[in-house]
Amino acid sequence: MKAILAILVGLLAGVGAYTFYYAQGASYLSSDPRACMNCHIMRDQFDSWEKSSHHSFATCNDCHVPHDFVGKWLTKAGNGYHHSEAFTFQNFHEPIQIKPHNAAVLNANCLYCHKDFTREITAHRVIKDEELYCVRCHDNVGHGPRR
């Protein structure tokens, strides 16, 4: 019984290690924007980011993951799980769409980096919180002009 369990654990570890290697899993631990296009579906986002006004100032992680240590790694782990599941089972929307949690992270990062410009808006609550969504009006800033 122990031998069968050891074989199953070894097999699971081997398949997991190969999958991590094949999917270039270590690249997701970096801040290199090229990691985000390991999946072919992200090529358009990478290309448009290269043409954007934020290209010289921000990478994918600067906008799409929280800046605190725990939030960053929890978001990366959650996104990694959901992305691997979606690509394994081929059940993703094309073109890709940002999920509500990730949209909230993106918006919080916009407000954080541009706090000098948005301070008056957020301090006086000129508009409702749900309307304070930066990319509603600035949708081509992070990823450049739409095709």
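In this predicted model, the side chains of Asp47 and Arg43 form a salt bridge with an N to O distance of 3.1 Å, the term denoting a side-chain nitrogen of Lys or Arg within 4 Å of a carboxyl oxygen of Asp or Glu. Because the two residues stand four positions apart in helix H2 (residues 43-50), about one helical turn separates Asp47 from Arg43. Asp47 counts as buried because its relative accessibility is 17%, whereas Arg43, at 39%, is partly exposed; buried means under 20% relative accessible area, exposed over 50%, and partly exposed in between (1.4 Å probe, protein chains only).

The structure holds two salt bridges. Arg34 also pairs with Asp32, with 2.9 Å between the closest N and O atoms. Asp32 is partly exposed, its relative accessible area being 30%.

Nonpolar residues are considered next. The largest nonpolar core has five residues: Ala58, Cys63, Leu106, Cys110 and Cys134. Such a core is a set of buried Ala, Val, Leu, Ile, Met, Phe, Trp, Tyr and Cys residues joined through side-chain atoms within 4.5 Å. Leaving aside residues up to four places away in sequence, Cys63 touches Ala58, Val105, Leu106 and Asn109, contact meaning heavy atoms within 4.5 Å.

Ile4 lies in helix H1 (residues 2-22) and is exposed, because its relative accessibility is 51%.

Residues are numbered from 1 along each chain as its sequence is written, and side-chain values use heavy atoms, without hydrogens and water. Local features need pLDDT of at least 70 and side-chain atom pairs count only at pLDDT 80 or more, while totals for chains, interfaces and linings use all residues.
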